[in-house]
Structures are given as C-alpha cells and as structure tokens.
Amino acid sequence: MPLPDQFLDELISRTDIVDLVSESVRLTKKGNSYWGCCPFHSEKTPSFHVVPDRQMYKCFGCGKGGGAINYVMELENLPFRDAVVVLARRAGMPVPEFGGSAPGARERRDKILEINRQAARAFHRWLNAPQGAAGLAYLQNRGLSRRTRTNFGLGFAPDSWDGLITELAAQGYDKRDLLDAGLAVSSKDGRIYDRFRNRVMFPIIDVRGNVIGFGGRVMDDSTPKYLNSPDTPVYNKSRNVFALNIAKGSKAGRVILTEGYMDTIALHQGGFDSAVASLGTALTEEHGQLLSRYFKEAVIAYDGDGAGVAAAQRAIPILEKAGLKVKVLRMQGAKDPDEFIKSYGRDAFAKLLDQSENQVDYRLAQLQKKYDLSDDGQRVAFLQEAAQLVSSLHSAVEREIYGGHAAQTAGVTPETMKLEVDRALKARLRKAKKQQERRDMAPASQLQPKSRGLRYENIRSALAEEGLIRLLILEPGLIHRMEGVTGEEFSSPLLGRAFDRLAARAREGLSTHPAVLTEEFTSEEMDHLIQVAAQPESPVNSGRAIADYISVIRSERLLRGGGEQGDELLLAAQRNYQQKKAYMEEKQ
C-alpha cells in the first residue's frame, strides 16, 4: 500500500529544506531565498536556488528541482521509499508500513547491504586464517600494520570457486542473492561461482558506514590486477569514493586524491587521514561534487608516469568546476605516495604536500614538455597554446600572473604575452556570445521542457495548463473555481496527470506542494514540474486568470480535435474576438 497522504504532508511540513540542503551545500541568503553551487553538477557561479516559503529547490544550470524528498533521492542515489525513511528518521517520525508501485525495492537494498556486510566479515576472518596466509603475507610485505588492516576491514578471498557461496548459504542466502549483490558470476552454461577468488579484498564503505561493494587485488602479476564490484542497487562506482567514510572526518582541510586503494591506505597509516581514491574509473563530475561537500581544497597525488599525468590533467577541471582549489603533488625519486613514504618518511611527504604546485603552473609545465623552446616555431606554438589555457582563467589577476609565468618560460615580455592572452580571451567571449544569441533567437524553445520526452505539442495550451497548476499549488482553495476541468483536456499528458493528482488532494484538503508528487513521477518529470511551479504567478485576480486559462485549454483542444474546417475557422474567429475584447478591457 502507498504511504498515507497525511504522513507525507506532515513529513514535508516538518522538514525545513534550507536546513536540509545546508548540510551539503554552502548557501547564501539573498532576499527571501538562498543560493549556492549545485550539488548535482559542476559550476563555479551559484545557480542552485532554494525557496523556503515554497519548500523547494531549483537549479537553473542543470534543471534539477524538487522538494526535500527529491533532494535526498538525488543526493544519496536512493529510491523514493529509502529517501522517505531518511527524512522521517531525521524528523523523528515513525514510518508506517508501505508497499507501493515498486514492491520490495527497499527490502532488496537492505538485503544486499546485509549480504555485503556478512561477506566483508568472512573475507576479514579468512585473511587471518590459514587459507589467507598468502594474502596476509602480501599486506605485511606492503607494510600495513594489523591496526590498519582492521581499520579498513581488509580481507582475503580464498582460491575457491564457491568459498563465499558456501559461507553465505549457511546464513540463508542463495546463489541468486550473491548474483544480485555482485559477489557471484554466472557463466554461459548457467554455472554460478564466486566473483572474487585468490585476491586481497578491500571493502568499499559509503559515508553512512554501509559496505556497498568490494575491490580485489591479485598478489602477483596476473590480470586483471584489480577486480571491482559491478554496479548494483547500492553501488555506483561513479558516485562513490574509496575511504571517504574515514576522510570526511579529517581536520586537514584538504583531500588527497590517489590512484588506488594501496596508496590511500598507506597515506592513512602515515597519518594523512584525508586520502581517498576513485573506484576503478577516472574521476567523474559526481566524484568532484561529492568531495566538495567535505573539502575546499584538493591535492592530486597521482603516479608520476604518463598515465598519472594524463589522469591529473583530466581531474583538474572537474575538481575546479566543483568549487575546489586544486594543487598537484610532484614526486621525484618515487613512483607513487606509498613508495615515497617508505623511501623518505612521513615528514618528507608532509613537506611535499605543503609545496604542492598550483594547478595552472602544473599544466603550463606539462605543456612546456610538448615543445622544444629553443626552436622559434615551437616557442610560438607553446605561447599560443599557453594563451588559450591562461585565457580560460576567470580572474584578470590570475591571467596576468600566469601569463607572466608563461612569458618567462618562453623568454618573451609579459606585455607580449598579455596581447596574446587578450586575443584568445576575446575569441572565447565572441564564441560564447554567438552561442547565447543562437539560444535567444529561439524563444519558443525556452518554453519547452528540457527533456525531449516531455516536449509540448501545443505550447499555447501548455502554458495555460501550467498556469492552472501554479494557481492550484499557490492556493488549493481555488479548486472550486476549476470544477469540471480534468487532465484529459490538457495537451500535455504530464501536466494533465499532475493537475488531476493535485486537484484530488485539494478537494480532500491536503497539501498541493509539488513534493507530494515525487513517488508517482520520474525525476525528469519532477524537474520540469518544479520549473513550472517556480515561474511567477499571482493569486490576485485569480478568478479571471483561471477563466482565461480554461478558455485557452478548451479552445485549443477543440482545434486539435480534427473537426470540420468550418468549425475550426469559427473557433479561431471566436478566439481572436476574445483576445481583442480582453485587450480593450485592459486598455480601459
């Protein structure tokens, strides 16, 4: 059964969206609302708008919007029911039993999390048992203490096809459960066996302390070197970061990004408790946004080889867009942080951290390596490419400083470099202006939903439909002026469904806040409905506005209905007459 409407109303009323969002986004009050950088996409200029009197948020950059429930769903990658449970616990409200349109989804997530927890316990136990001797020796040879192994829950998967399957079968879990959790694999002939075998195991733990997946490393040169859990209902490698559950509590103020589990763990053991690693994938925008919730500065400590340099170059703009100040660690005499600490000690690495390069100087240095600056042609090419890099900086002061650095490197005057940077900046601004002009030249497209699957077939009718929905949200008591109107008359199926649902709630005296639609509408649909609700609308003269909206909706519906040509002409004439009459009345 679905959640009681009264429960949802109370949950929404007891959740202050400003307080909720402030837990993960730095908000600044402007007038009667709040602004901050969006947690769902990378940006430097705040476009994320929180409106307390409507208890909703809207990002004017990526288009996401909703109420408290949507926010938790998007931020934590949770289904509706789990998000409701999170908010209910936060508000101190007991959650009634409920089923709904996706029966068993919450139970499935809970089951996978429990399976992962039991698997982590088994792996850790095996590491310290006779069958884990090889894994234990490997970790000891890498210099990891017993305390570190315990803190990170490290383990070992035996060299067996069904060691974990057998272990968890004794606890009541079958092979299909392990397939669901990504801990087992099915062969082409239907045989099911353990995914992880003869590997040192690294449990992946989210910021709430749940074991959501695993990484397994071989102890020799066999491949693949690392094997990671696949995406499951509880795990997405692009949205989670290894060791963030520990690093988020660090007082260091800066996050240290490494390329792998071992580097991260070695840094923690050395006292650098803000180290993290991405999970078998390149750094993503989601990773950047996640890290920006806990840190203001990031130091990239990737390996010094070609692959590490390329990865650092890709990571820099992602982290900058997320609002982090970025520096890059340049190591000499060691290939990675683990090796550096073993060779030179903790204090040497701490000094290296404090001397981390500004990301712009780092990128200029990498750029310099591409060119032979003793050759005039290559020197010109270097300066032109450096000008493109420097022109992308937002601050004029930054452009002057780093332009000067590039000029000094190439042996030209700062004034000459400034001319080249200004030329590149003007070209960049011209391109941006043309793109904006193209968008402005198509105003009708601005009225369309961002998602192509929700496009309006009749914009005039849809705008009137939006108006009715806004008035119903602002003042549910206006439903008595809308009697007889149904969503079937709407040109937009989405707006029709939303109107019918809100109208039904209004008749029952319940809230018509858009957030109450969350369970029945997709995230894309909710984004657009919040966009609709955010548009200006005044309940003043609402009676006249409602009559006008209904008139437009019904006349447009008749025109769409495919009647005889004479009827269409008559309706068009009637519409023109009504418009002229309304105009004359306004003039008077």
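A cavity here is a set of grid points where a 1.4 Å probe fits but cannot get out, and its lining residues have an atom within 4 Å of a point. Keep that in mind for the opening stop, and remember that you're looking at a predicted model.

**Stop one: the cavity.** To find the lining, select Ile-469, Ile-473, Leu-502, Pro-514, Leu-517, Leu-529, Val-532 and Ala-533. Now colour helix H21 (459–474) and helix H23 (523–534), the elements that each give two or more residues to this lining. H23 provides the largest share, three residues.

**Stop two: a helix crossing.** Hop over to helix H11 (residues 261–269) and helix H14 (residues 337–344), whose axes come within 8 Å and cross at roughly 40°. Show side chains for Asp-263, Ala-266 and Leu-267 on the H11 side; they meet Pro-337, Asp-338 and Ile-341 of H14. This contact has four nonpolar and two charged residues, but no polar ones.

**Stop three: H24.** Finish by selecting residues 542–560, which make up helix H24. From the first C-alpha to the last, its 19 residues reach 27 Å, close to the 27 Å expected at 1.5 Å a residue. Which residues of H24 are buried? Pick out Ser-542, Ala-545, Ile-546, Tyr-549 and Ile-550, then carry on to Val-552, Ile-553, Ser-555 and Glu-556: these are the buried ones.

Notes
Residues are numbered from 1 along each chain as its sequence is written. This is a predicted model: local features need pLDDT of at least 70, side-chain atom pairs count only at pLDDT 80 or more; totals for chains, interfaces and linings use all residues. Side-chain values use heavy atoms; hydrogens and water are left out. Axes are lines fitted to C-alpha atoms, for helices over the stretch in contact, and angles run from 0 to 180 degrees between N-to-C directions. Helices (H or I, at least four residues) and strands (E, at least two) are DSSP runs, numbered from the N terminus. Contact means heavy atoms within 4.5 Å. Ala, Val, Leu, Ile, Met, Phe, Trp, Tyr, Cys and Pro count as nonpolar, Asp, Glu, Lys and Arg as charged, and the others, Gly among them, as polar. The expected span of a helix is 1.5 Å times one less than its number of residues. Buried means under 20% relative accessible area, exposed over 50%, partly exposed in between (1.4 Å probe, protein chains only). On a 1 Å grid over the protein atoms alone, a cavity is a set of points where a 1.4 Å probe fits but cannot get out, and a pocket is an open set with protein on both sides within 12 Å along at least five of seven lines; lining residues have an atom within 4 Å of a point.
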